[in-house]
Amino acid sequence: VICSIFAIASNTITLSSVSGTPQTEVEVVVSLDNTDAITALEMVLPLGEHLSYVNGSATLATTRSNGHQLSAAQVGQELRIYVYSLSLNALQGNTGELLTFRLLLGNEPADYALTPNVVISNAQGTSIAGSVQTGTVTIQAPKLQIVNPQIDYGHIPIRATYTKSLQLKNVGNLPLTIENIATTDPLFVPKQNTLTIEAQQTAAVTIEYSPVVRGAISKEVIVHSNAINGEQIATIVADPFSVNELQVGSTS
């Protein structure tokens with residue numbers, strides 16, 4: 001019986017997953033587990049419009065450097081990182097943290113995948129096989145969406161009470177706190193002024209209307225909250241009319 005054992009090279013770059021609130025910085029860790037001798041690495045990471053590189057924040061781990069240099073810069077919406085040795089030295093060690101860099105978060109709450117294109121090479125300058133385990137950056141914040149930005153009571157007789165619902169949705173990923181709901185006409189009365197809406201959930205607020213004067217109107221309902229997109233406004237329209245009218249004509 002003859003047993004043959006084949007050693008398969010494995011070189012894996014792993015990016016960590018991080019989260020933070022809008023306009024704060026987070027640190028991403030890039031790790032390298034390698035069986036080959038690696039002298040250089042090139043990583044091009046798309047950032048999109050909601051993430052940006054913090055200049056000068058990229059740092060090479062001293063435990064992996066062997067006279068290596070690191071260059072990092074954002075070009076357009078891409079972060080480009082280069083690790084190299086002018087003497088073509090191999091990186092030290094075979095596992096663990098290789099480098100870190102920081103990102104400034106935008107205002108749009110969501111999960112953003114860190115999916116870089118990576119090229120690694122040996123002392124001969126030849127590209128060698130490798131794999132990438134992507135990370136995720138999560139921007140955490142509540143965000144308010146008014147599902148029905150116009151509330152229409154229609155053509156209605158005065159001297160009665162009518163109700164419509166204002167539909168509020170939290171399209172963010174943290175709980176949304178409604179702090180106040182106000183209208184520009186005291187005849188429109190929200191039946192609830194404060195509430196909490198969980199992430200990706202919708203709540204309905206009843207608005208009561210009791211017209212006493214005829215004539216088409218257009219007013220506003222203003223929602224104050226802790227949402228990242230701030231104050232939101234919906235329009236209220238109605239066309240109340242009088243059922244019984246006394247009209248005086250003209251004569252000559």
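**Labels and their cut-offs**

Tutor: Strand S10 and strand S14 (residues 135-139) run antiparallel and are joined by five bridges; strands here are DSSP runs of E with at least two residues, numbered from the N terminus. This is a predicted model, in which local features need pLDDT of at least 70 and side-chain atom pairs count only at pLDDT 80 or more, while totals for chains, interfaces and linings use all residues. Residues are numbered from 1 along each chain as its sequence is written, and side-chain values use heavy atoms, with hydrogens and water left out.

Student: Which strands are called edge strands in the open sheet?

Tutor: The sheet has three strands in the order S2-S14-S10, with mixed pairing. Strand S2 (18-20) and strand S10 (110-114) are the edge strands, since each pairs on one side only. From one strand to the next the twist averages 20°.

Student: Why is His68 called buried?

Tutor: Buried means under 20% relative accessible area, exposed means over 50%, and partly exposed lies in between (1.4 Å probe, protein chains only). His68 has 9% relative accessibility, and therefore counts as buried. His68 sits in the loop between strand S6 (59-60) and strand S7 (69-75). Beyond four places in sequence, its contacts (heavy atoms within 4.5 Å) include Thr39, Leu60, Tyr84 and Leu91.

Student: How far is the backbone nitrogen of Asn66 from a polar atom of the His68 side chain?

Tutor: The distance is 3.1 Å.

Student: Why is Leu88 called partly exposed?

Tutor: Leu88 has a relative accessible area of 46%, so the label is partly exposed. Leu88 belongs to the loop between strand S8 (78-84) and strand S9 (97-105), and has a positive phi of about 60° although it is not a glycine. Most residues other than glycine have a negative phi.

Student: What is the phi of Gln200?

Tutor: Gln200 also has a positive phi, near 65°, and is found in the loop between strand S20 (195-197) and strand S21 (202-209). At 45% relative accessibility, Gln200 counts as partly exposed.

Note on methods. Helices (H or I, at least four residues) and strands (E, at least two) are DSSP runs, numbered from the N terminus. A polar contact is a pair of N or O atoms within 3.5 Å; within protein, one must be able to donate a hydrogen and the other to accept it, and residues adjacent in sequence count only if both atoms are side-chain atoms. Two strands pair if DSSP finds at least two bridges between them. Axes are lines fitted to C-alpha atoms, for helices over the stretch in contact, and angles run from 0 to 180 degrees between N-to-C directions.
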